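Work through the exercises below with the model open beside you. Try each task before you read its solution.

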Amino acid sequence: MTRLDTDTLRRTFSERTEQAPQGLGMLETVLAAAPARRKRRRRIQAIGLAVAVTAAAIVTPLLLDDASEPPSPSDGPRTPLTVTATVAPESGYESRYRELYGGVERLGIEQRGVGSDRAAGWVWVFPPGTFDPQPYRTGEPVDVNGRPGYFVPRAEYAHDRSLPFPGTPMPPSTGFDTRVAWQAPDGRWLLYRSHGEQSREVALGAARSVTLSEPQDARGPVALPDAPGDLPIQGVGLRDEGGLTLEVSYGTTPVTAKDDPAWTSTTRASLSGFTLTVFPHKGLRDPMPVDEPPYRIGEIEAWYTESPTYPYVRRLPNATLPNAVAQPNAAALVVVAGTCVAIVAIDDTRQTPRAAAEAFVADIDFRDCDDPSTWGPLLR
Amino acid sequence: MRFEEFAAARMPSLLRYAFMLCGDRELARDMTQEVLIRALVKWRRIEHLDRPDAYVRTMLTNEFLSLRRRKAVATVALTYEALDGPAAPAVPPDDGFADRTDLWQRLGTLPRRQRAVIVLRYYEDLADAEIADVLGCRASTVRAYAARAIATLRIAIDADTDKDKTPALATRDGDGS
């Protein structure tokens, strides 16, 4: 038998570290269980307090402190202007779409160069504690870049029905897709959801193409000022289709990570703010609106309409249609600033009047929409 | 620091510590989960401490020490394989690993406070004064626990060694007669 000394004891423990359990899904369980525990704790404290009062005892400050509600771990969105997920260039996949909302990142992923029927899907990156992996645990255990995950070859769209769908009703739940869910070392969960069913190899390849890094500022062709009425940013969409289209949604109802992952930047979480869309001017067939001459906001040309059908916006490429749902009191401010076009699609002019929208646009620092080397962080 | 960030960063080390304490994967998971729930409930106070991780480690230690009082541990290891589980470390068998496996089993027979002291000292590398803080006792008590634990382990190891030697000696005696 080995002599019992310090080294032996240390080695005995260190050899066992690999046998320690993984915390897969534990954080979600903890977050789900905490509210009930708080309730029970408060009930016990209330009983204790009643007993103490009856006995004319003094309630200690510590007890009072305990009775206060700790902040919910999911209160409020994280900054929607940082990105952490990228697609590895050598992976055979690429990403041209990125959305950020409520602390969630979403990347559009496509196979590189395999024709029009190339496999594609979305990858969501959920902050710790905001994703329930339970439905995926019945899937096949897989390895995603050294991390344990689950592969579900055929999942119904209805899988997401329990999640709210902001702004519009839930789409019909027909069809199937292929999914991979896995957890990063820092507790974040990632979910790959294909467009239609995919082979195991393709779906896992897409999942494995995603790498996470330290948070970095999202970059684009504008530096944004504070919004009128200090409206918070709900979400940011970035589409790179031969030129970057940036879409920033402002509103009073923050989108949280618990909202439906099928949310896209063209589906507004609430119609109580406005959407700023910025894209390169090149490629537009005509000068901007043709129905009336432009006026000037400082150095930039501008058009303004309160027509609910957004005639100016409808002239733009499909990809740049922001909030195309016509509604009373809606309006649009369109400006051309150097190589950039910007549209402020206002949901309700009673909340965001024309003057406020014009002041907001005048305060935007426009960079060169055709030259990514001039781009910087989106917030000034 | 938000609770999620703390948990994401510290959960693996808490799980490993819990496993060293109790030697059972499922129980380690249960203990860690229970402690994290309680930590979340009073996170407002914990996050302002100098060392939230040390506080939660103490909670985990207390959870381990109170297990016997609250419930019997239902897990019964029938074989070494059952104890080691599917993730038994791949170490060459001629490297004293079998002996250390035996030592690992022996650690499981120690009284809980003694085992906690051994884990805190030789796995967490804490000084006796720090262990005393965790256990809420004096440093001299920690040293007494450690000495008693090591003495117990040595006696068990010596007994095993004697048992291993006995048949060989008997055979030699027999051959010589």
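Two strands pair if DSSP finds at least two bridges between them. Helices (H or I, at least four residues) and strands (E, at least two) are DSSP runs, numbered from the N terminus. This is a predicted model, where local features need pLDDT of at least 70, side-chain atom pairs count only at pLDDT 80 or more, and totals for chains, interfaces and linings use all residues. Residues are numbered from 1 along each chain as its sequence is written, chains are lettered from A and ligands numbered from 1 in the order in which they are written, and side-chain values use heavy atoms, with hydrogens and water left out.

**Exercise 1. Strand pairing**

Task: find the partners of strand 7 of chain A, and state the sense of each pairing.

Solution. 
- Step 1. Take strand 6 (residues 147–156) of chain A. It runs antiparallel to strand 7 of chain A, and 6 bridges join the two. Within this pairing, Ala155(A) has Asp177(A) as its bridge partner.
- Step 2. Move to strand 8 (residues 189–194) of chain A. Strand 7 of chain A pairs with strand 8 over 5 bridges, in the antiparallel sense. Here Val180(A) stands opposite Tyr192(A).
- Step 3. Inspect the hairpin of strands 7 and 8 of chain A. There are 5 residues between the strands, and Gly187(A) takes a positive phi near 100 degrees.
- Step 4. Check burial. Buried means under 20% relative accessible area, exposed over 50%, and partly exposed in between (1.4 Å probe, protein chains only). Strand 7 (residues 176–183) of chain A has 7 of its 8 residues buried, so by this definition it is mostly covered.

**Exercise 2. The disulfide**

Task: locate the disulfide and describe its geometry.

Solution. 
- Step 1. Apply the cut-off: a pair of cysteine sulfur atoms within 2.5 Å. A search of the whole structure finds 1 disulfide over all chains.
- Step 2. Name the pair. Cys340(A) is joined to Cys369(A), with an S to S distance of 2.1 Å.
- Step 3. Cys340(A) is in strand 18 (residues 340–346) of chain A. Cys369(A) is in the loop between strand 19 (365–366) and strand 20 (376–377) of chain A. The two are 29 residues apart, so the pair links distant parts of the chain, with strands taken as DSSP runs.
- Step 4. Read the handedness. The link of Cys340(A) and Cys369(A) is right-handed, with 115 degrees about the S-S bond.
- Step 5. Cys340(A) and Cys369(A) are both buried.

**Exercise 3. Salt bridges**

Solution. 
- Step 1. Side chains of opposite charge can pair when their charged atoms come close. A salt bridge here is a side-chain nitrogen of Lys or Arg within 4 Å of a carboxyl oxygen of Asp or Glu. The structure holds 26 of them over all chains.
- Step 2. Pick the pair. Glu34(B) and Arg37(A) meet at 2.9 Å, N to O. Glu34(B) lies in helix 2 (residues 25–41) of chain B and Arg37(A) in helix 2 (residues 26–54) of chain A, so this bridge joins two chains.
- Step 3. Glu34(B) is partly exposed at 22%, whereas Arg37(A) is buried at 16%.
- Step 4. Salt bridges link Arg37(A), Glu34(B), Arg38(B) and Glu63(B).
- Step 5. Look within chain A. Asp186(A) bridges to Arg188(A), with the closest N and O atoms 2.9 Å apart. Asp186(A) is partly exposed at 32%, and Arg188(A) is buried at 13%.

**Exercise 4. A bent helix**

Task: where does helix 1 of chain B bend, and by about how many degrees?

Solution. 
- Step 1. Compare spans. The expected span is 1.5 Å times one less than the number of residues. Helix 1 (residues 3–22) of chain B has 20 residues, and a straight helix would reach 28 Å, but the end C-alpha atoms are only 25 Å apart.
- Step 2. Find the bend, the angle between axes fitted to the seven residues ending at a residue and the seven starting there. Helix 1 of chain B bends by about 50 degrees at Arg10(B), and Pro12(B) follows within four residues.
- Step 3. Check the surroundings. In helix 1 of chain B, 14 of the 20 residues are buried, so the rest of the structure largely encloses it.
- Step 4. Look just past the helix. Gly23(B) has a positive phi of about 75 degrees.
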